[in-house]
Each structure stands twice: as C-alpha cells, then as structure tokens.
Protein chains: 2
Amino acid sequence: MARTPRNTLSADLIVRTALDLMEVKGADAFSLRGVAAELGVGPMALYTYFRNKDDLYDAVRDHLMGLLPAVPDGAPWPDQVRAVCRSLRLLMLQHPCLVQLLAGRPLSGHETARVAEGLLGVLLAAGFDAETAARTHTTLFTYVLGSTSWEIQMAAERRDPEAWRRLRASMESLSARKFPSVVELAPELARTTGGDEQFDYGLDLLLAGLAVRTPS
Amino acid sequence: MARTPRNTLSADLIVRTALDLMEVKGADAFSLRGVAAELGVGPMALYTYFRNKDDLYDAVRDHLMGLLPAVPDGAPWPDQVRAVCRSLRLLMLQHPCLVQLLAGRPLSGHETARVAEGLLGVLLAAGFDAETAARTHTTLFTYVLGSTSWEIQMAAERRDPEAWRRLRASMESLSARKFPSVVELAPELARTTGGDEQFDYGLDLLLAGLAVRTPS
DNA sequence: CACCGTACTATACACTGTACGTTAGGGAGA
DNA sequence: TCTCCCTAACGTACAGTGTATAGTACGGTG
C-alpha cells in the first residue's frame, strides 16, 4: 500500500485546506471527507489533529480572525470604532463562510480575544466605564454580525437564479391593500439591503446614540 | 399492510410536528425522517406537501412569524418601534430554533411581510422619508436578529457543561499582559452577554441616534 | 537492533436527504 | 353500482455524512 509518508499533515495545513474548501462550497456544504480527499488522506487522519468537526470549525474561525488588522492608533475614538467594525465586516465579505462559522459557535480562541481586546481598549481609553464599555462592545459586535450576515446571505440568494425568481415572485404577489408600505417601499428595501451605505447608516446611528453619553 | 388511512396528513400538521421536533432537538438536528416517524408515516410522504427540506424550513419559519402580535397603535412612534423589536426578540427566545430558520434563509412569505409592514408603517407615519424608513427598518431588523441570535446561542452554550467548562478555561488562560482589557472586563462581558438590559441598551443607542434625525 | 508511541489506514455503523417506481384508497362519472 | 383515474403514501435504493473502533507501519529513542 502506497502509504502517505508521515508528518506531511499538520493542523495548520488542514485548516488552510478546509478554508479553501469552504470558500468554494460554503461552510455548510463542506465535509471532513472532502478535505481529507483533497489532502490525499483517509477521513480519520484528521482526527489526530482535531477532536471532531466542530473543533475544526473553531480552528478555521480563529484562523480567519487572525487576519484582522490591528486598531489604528492616534485617531479619535469614534473613528477607531468605525475602523474595527468595518474591518470585521470586510473580512466577512471576503470570506463569506465566516458567517456560518461565527453564527454557529461562541467566541473563543486567542485570535478572537484579540479583536475584543482592540475594541474594548478603544472604549476604555475613551473614558467609558467598565459596564458601558462591555455593553457597547457586545452591541457593536452583534450589530456587525447580524447586519453583515444578512447582507451576505441576501447576496448569495441573488446569485441563485431560481431562488431569486421565487423571491421576486412572492414580493410581487403581495397585496397592495394589505401591505401598502412594503409594496410602496419595495424598491427602497431592495436598494437598502446591504452595501457600505446601509452598513454605515446603522453604525452611525449607534455612534450617534453613543455620542450622547460620551464621558468628559 | 396496515396503511395509514388517506388524508390524515396536511401541510399544517406537518409544520406543527416539525416545529415540535425542532423545539426539543434544535433546528439543525431536526430530520425529515424524524417528523415522518412522529407522524407514523414514511419519509417520502412529506414530499407530497413540501418540495424538500428547505421548503419545510420556510413553512415553519412563516408559521412562527405568524405568531407575532400586531403593532400597538396610539403610542408614540419610538415606543411602537421598541414594541415591534421586543416582540420579535421575545418570539426568538420562546422558539430558539427561529434563529437558525432566520439565519439560513432570506425573508419571504406573507407572515414575514406582515412584520415588515408593521415596522415600515410606523416609520412612515412618524414622518421619515422612504429611504430613511427602509434603511432604519433594515438596521433595526438586523440588530434584533444579530443580538438575539448571539444571546440564544450563548445561553445554549452555557447549558452544555462540557462546552461551558472549555469556554471558561480558554478565558482564564488569556494572558493579562496581552489582553488586559478583556481580562479586566471579563466579569462585565459575561454579565452583558444577553438579557433584556443588554438588548435595550443597544436598541436605545439606535433610537437615540434616530432621534437626532427625527423629522418635524 | 529492538522497541514503542503515534500517525495513518480500513472497516463499519447509524444516520441523513431524496430520486425512482409501485400500490392502493377515495372520489367522480357512467 | 361498477369502473376508472388521480394521487397520497409506500418501499427500495443510493450517495452522502460524521465518527467509533481496531489494526498497521513508520520514525525517533533506548
């Protein structure tokens, strides 16, 4: 039997291969057997490096989080907050599979702690007290997550012609009597689903609300 | 062969059975064969009423959306907005499987249009222009979705003792040198993950930001 | 050189969604 | 009342999935 020579695998190699597969097939369609085949290895070989599939998910997520840039220093804190939020959003756009990775599992891992550290540091330096900083961090994080997830998933739907046709059809079939506002605002709703402007609109609302309670 | 008598099934019965199963097992662990077995029927019987699994997911989601109460009228618009957001959040808390149902698929169906109609109607009546109303609707919706999804999933993690232990361990192991803010704010972060207060904090930020651009 | 731990393989199991072809029950028309 | 057809439900089958378990050969260490 032409056995694979030893030590050709590594956790890092597996993570990168898994990531490549997720990028083309989507994180949900990704399979352990797929990455094993890609590496020319039996499915069970992966279990030497990862406890199970979820463990591999966590590793890939942490790997992606490691790509986030550091917080720019020397800028006013609202700009810093904006930068952190935007770079997380950008990362999600570049790696759509991150949506599923972040949605299904909780935060853990050093890389994830690193992004939390950046945002919390900015908020503390701005003079917010501990509780407000923590609350604001959670709010911003969940906003970026929810907003960008939504955008990415809608974009995916738009690419699938069959699904897109059905969505349009169900929109058109809405009675203008029963749903006057939805029907009237249909074009605006379509236009405001995603995009930098939409993201910044919500982010600005949050920052404007935060400005009211700015310390000092 | 003791065949199931005809016409005992219906789309509605299947949806309710599927929902029951999702509530106890989670929407991801739910299986078509499971609901078929529950109904004393072969797996393929369901395909008479639903095209595939996703189609059933959509039906269950729309069924849940139908449980949302109407917008209370006669209140100031910020209170109305708060009410809509809170009732969506409440519905998600009561039916955690709704998180996966909303995350995986786009909005469609009449019941979903109904909730959009409610919120949009309030915003238009408040005097916002079409674009602002649409943008605000999207922002509020994605905030509620992201924030509540996060909360529910964290709560689920907390219930699983093994996962919870590992999460605590990875928190404790963080170097206070490299992650001073995270370590220092750990108790606050744990406390502000979820709960009505945290939800309202973010919602109030958004509404405060919105108040700045209130018309008239 | 012998040994042992470990990195990998092989086999197997219990599942999943669903395509395909078949069968039987109930309602409609003669 | 008999007949026919439509369709709801059936059974079988297939290509997958994650992973438990047991076995095997290689590399480094004594």
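Here are some notes on this predicted model, which has a chain A and a chain B.

1. Let's start with how the copies are arranged.

2. The contact surface fits in well here. Of the interface residues of chain B, 100% are also interface residues in chain A, so the copies meet through the same surface. Chain B brings 65 residues to the contact and chain A brings 65 residues.

3. Next, the buried area. Between chain B and chain A about 5500 Å² is buried, with carbon and sulfur atoms giving 64% of that area.

4. Four salt bridges are found across the interface of chain B and chain A, and the count of residue pairs in polar contact between the chains is 12.

5. Which elements give two or more residues to the side of chain B that touches chain A? They are α5 (97-104), α6 (110-125), α7 (130-159), α8 (161-172), α9 (180-184), α10 (186-191) and α11 (196-212) of chain B. The largest share comes from α7(B), with 20 residues. By class, this side of chain B has 28 nonpolar, 21 polar and 16 charged residues.

6. Now the annotated part of chain A. An unreviewed UniProt entry gives "domain: HTH tetR-type" for residues 8-68 of chain A. In the model, that span is 57% helix and 0% strand, and its end C-alpha atoms lie 28 Å apart.

7. The UniProt record, again an unreviewed entry, also places a "DNA-binding region" at residues 31-50 of chain A. This span is 35% helix and 0% strand, with 14 Å between its end C-alpha atoms. Please keep in mind that such annotations may be inferred rather than shown by experiment.

8. Finally, a salt bridge inside one chain. Over all chains, the whole structure holds 29 salt bridges. One of them joins A:Arg114 and A:Glu111, whose closest N and O atoms are 2.9 Å apart. Both residues, A:Arg114 and A:Glu111, sit in helix α6 (residues 110-125) of chain A, three residues apart, which is about one turn of the helix.

Note on methods
Residues are numbered from 1 along each chain as its sequence is written. Chains are lettered from A and ligands numbered from 1 in the order in which they are written. This is a predicted model: local features need pLDDT of at least 70, side-chain atom pairs count only at pLDDT 80 or more; totals for chains, interfaces and linings use all residues. Side-chain values use heavy atoms; hydrogens and water are left out. Copies are superposed by least squares on the C-alpha atoms of residues with pLDDT of at least 70 in both. Contact means heavy atoms within 4.5 Å. Helices (H or I, at least four residues) and strands (E, at least two) are DSSP runs, numbered from the N terminus. Buried area is the accessible area (1.4 Å probe) that two parts lose on being put together, summed over both. A salt bridge is a side-chain nitrogen of Lys or Arg within 4 Å of a carboxyl oxygen of Asp or Glu. A polar contact is a pair of N or O atoms within 3.5 Å; within protein, one must be able to donate a hydrogen and the other to accept it, and residues adjacent in sequence count only if both atoms are side-chain atoms. Ala, Val, Leu, Ile, Met, Phe, Trp, Tyr, Cys and Pro count as nonpolar, Asp, Glu, Lys and Arg as charged, and the others, Gly among them, as polar.
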